Amino acid sequence: MLGTARTVIAPARLDGAERAEVRRPGAAATAPPSYWDALEPLLPRVKKPAQYVGGEHNQVVTGWGSAETRWLLCYPDTYEVGQPNQGIQILYEILNERPTALAERAYAPWTDLEALQREHGIPTFSLESHRPLWAFDVFGVTLPHELGHTNLLNLLDLGGISHRSDRRTIDDPIVVVGGHAAYNPEPLAPFIDVAVMGDGEQVAIDIDDCVRAFKRDREAGAPWGSGTQLTRHDLLVRLAAVEGCYVPAFYEARYHEDGRLRQVVPIQKGAPSLVPKRTIQDLEEWQYPRKQLVPMTETVHERFSVEIFRGCTRGCRFCQAGMITRPVRERRPETIQKLVEEGVKDTGFNEVGLLSLSSADHSAIAPIARDLADTYEGTVTSLSLPSTRVDAFNVTLSNELARNGRRTGLTFAPEAGSDRMRAVINKMVREEDLLQTAEIAFSEGWRHIKLYFMVGLPTERDEDVLAIAELGIKTYELARKHGKANKVTISVGGFVPKPHTPFQWAPQDSPEEIKRKLTMIRQTIKHHSGLKLRTNDPEEGVIEGLLARGDRRVAPAVERAWQLGARFDGWHEMPTLPTWRQAMDETDVDLAWFSYRERDEKEALPWDHLDSGLEKSWLWEDWEDARSDKQLDDCRWSACYDCGVCPGLSIEHDTGYSGGFQLPVLPSNLGGSQALPTTPERYAAGD
Amino acid sequence: MSQRFRIRWTKEGRTRFVSARDLTSVWERALRRADLPIAYSEGFTPHAKVSFPDALPVGVSSTGEYAELTFAAPILPVRDLGALSTSLPAGMDITTYLEVPDGAPKLARMLRATLWELVWPASDAAELTELLRRRCEELRRADQAEVIRHRPDGDRTIDVRPAVLELATFTRTTAPAQTRAEPTGSDAHTVLRAVLRNDGPTVRPTDLHAALSREDVAPPIATVRIAQGEAVPDGLREALSGEVERLVPDVDAEAA
């Protein structure tokens, strides 16, 4: 055929000494090849190619020779899902602000591009310069949940390095994971080099310092190949000494004869027997991310997001995020206002998200919402507050934030159907309060209420499951009273027990049992055609549950599942469970033993040596309280119940609730004036 | 009070992978970053008044994209559209603007034809140019030229001929700027330039390729939408500037 283009041969993967030259600090380094020229001709052949090109507003491109340490930060899912992630954007900004560091980003390629990359020899690449993973010093991966584990292995392998830590050399990157699923990294133990516990801001800087010092020492040290050179082991020893860093290779898991875990113990001098989590006390010192990346293609959250506080003490017993991010640290209202105003201007986003685990709980949320609503009244900028708190205040707050728009949908999360079940999970809301809140919402013009629930919670009986359907019906009857078009949706998922929570000892329901419970709900509501039920696939929680509470013996199943082709385990489009079941069979991993079994107080847990700050004895006490339907108050408003976090970390809540210091409340810029200028006038005034 | 502008802009480099459906938000954010008083539609979900006459296929470069912008307050076009150009992603640049008087015909009516350029690699340029020249001649003489367009929802038969106004094939010694896939400064490339009508059933450059290739000509390595406007003999009168873009540019005329 005439006019056939020559295939662009991808630059060769460098190995050994050549790779060592690429990773030398500063100008001494040979810049690694860019794979853009090889990638570009393939992009017309894949879905959503814009996700692979980079070039977004606020991306940072640093010359290879201008940095001593080079990071590739990764969210192990598609760009569409990973780009908005705040953790990656915080670290990206912090590291790129360091004059000696460079940070680029990578996401998981969809399977169509992965196949082409493998065919054409294009490794996992960074978006900024399309440089290969293997050239970087640190491959920093956030694990917000467990369903990115196979993608992580795939990214390593595709990136030109071994997926197994013990086969990597000094000339390969250090693989560091963080995020919530890093609180039990044991199923990934053979694959990662370091797991970081807790807030990433300060520890990223510590790791960067450690790697930089190591590279300097290595440059200054013995000549190449002399045998007395610093090794990868030396670097890992230094990293293990950084507070919050866990190096799995320096620990050994010991088991009882019956298969239960006895203990995970350090086997390397200097590796701590209990790895503490890192916590930043003052959020004011860490005003990130300010220069947020603005995608050129669709993502799951396209908005300027500000974290208004970190941590949560509501004490929902199923919630890992609420347990491991304690204590509560609030950002000041005037800082939030400033970050939002500057960020909206800088990015051009027309939506603002006020993020936290329970945003309506910020001590100054009312003035924060009022001032922002004042600032953006009459403009096209909208405000959103992901809060699922079930009370009238939440409705008031939502009214305020919806000033510019329509009162469409409100979301509440009662999580369980019966008052008893809600006492068990410590979600302190009574049915009458919920119904009253729904009544207020509909009477104030909201048209659609979504209610979130879980089934498969500890101690759950069929009557508790039926209560979900009944609560949905009662809410729907209220909805109809206020308007025939009003809607109610109940959304029900299967509960997955997580480490470092009072439910870490609980058995998980099998998918068959979840399916039975969902069918009960569906049967009960079937005569209420306007009441919608949304459910997740009951099988979805199986892989998540195994990886959440598995130990090192689960690692071979992760490896095997990946080898058998498992990717994107959280995607409906990718039904990987059959692959996983085969992998578990082949590697003798007993799902029932890891997931469906109740553990007792004495049993060692795979994450016992990783310290979230919570006392195990307190967690057990709370688990016992749960099983006797006993609730526990939020310690922001009531007495401390000694969960262990604050004294353990020598820090405390930083909120405006306590008698100590009071947060100043910023007066609204526009004074809430009725005569707000309209958009064109606002702009014209500045001309 | 409000002011409307029509602009010509480019979509090159990495931005040629941005899909048509993502364009609106890319432009709206750039307008907000440049702090320009773009007008918004009424209603609960207001949209910035930026309209694009038609969609460019993903992956195709262009120096001939157009848009109409409505501002809620007067702007200083050189300064403000310059600022907008700067705040757009690299590869998207505003090259021409024209203020729209009241009662002006619709933008689409000013864009009745498109000048397309298709470029093949240098490997067998002389032979390919000759072949395509013959095929172009045959196409010109034909009454119809049906091709099958393969789509996920089924195949469609399209007659390419009515859309073809002008065709030219020549050899060019410089590599196309739009692709770095080929080593630059190498041998001559085969270039096909075509003026296609926009006001009939849509015929895309891929359809034109299908009509000419008869399965022995590979797809081009670069496709560029050069400009849009009114077809004139030997070229295209660009819609906003009124300047004629010649079918065979002067630099290439000798080679042609």
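A salt bridge is a side-chain nitrogen of Lys or Arg within 4 Å of a carboxyl oxygen of Asp or Glu. This is a predicted model, in which local features need pLDDT of at least 70 and side-chain atom pairs pLDDT 80 or more, while totals for chains, interfaces and linings use all residues; side-chain values use heavy atoms, without hydrogens or water. Residues are numbered from 1 along each chain as its sequence is written, and chains are lettered from A in the order in which they are written.

Select Glu302(A) and Arg29(B): their side chains form a salt bridge at 2.4 Å, N to O. The rule finds three salt bridges across the interface of chain B and chain A.

Next, display both sides of that interface. Here 43 residues of chain B are in contact (heavy atoms within 4.5 Å) with 43 residues of chain A. In chain B, α1 (20–33) and α4 (125–141) each supply at least two residues of the side that touches chain A; helices here are DSSP runs (H or I) of at least four residues, and strands (E) of at least two. The largest share, eight residues, comes from α1(B).

Now turn to chain A and select its open sheet of six strands, ordered β2-β1-β3-β4-β5-β6 with mixed pairing; two strands pair if DSSP finds at least two bridges between them. At the edges lie β2 (101–107) and β6 (245–246) of chain A, each pairing on one side only. Within the sheet, β4 (174–178) and β5 (194–196) of chain A run parallel, joined by two bridges. Select Val176(A) to find its bridge partner in β5(A), Val194(A).

Finally, show helix α4 (86–97) of chain A, which packs on the sheet and touches β1 (69–75), β2 and β3 (138–142) of chain A.

Methods. Axes are lines fitted to C-alpha atoms, for helices over the stretch in contact, and angles run from 0 to 180 degrees between N-to-C directions.
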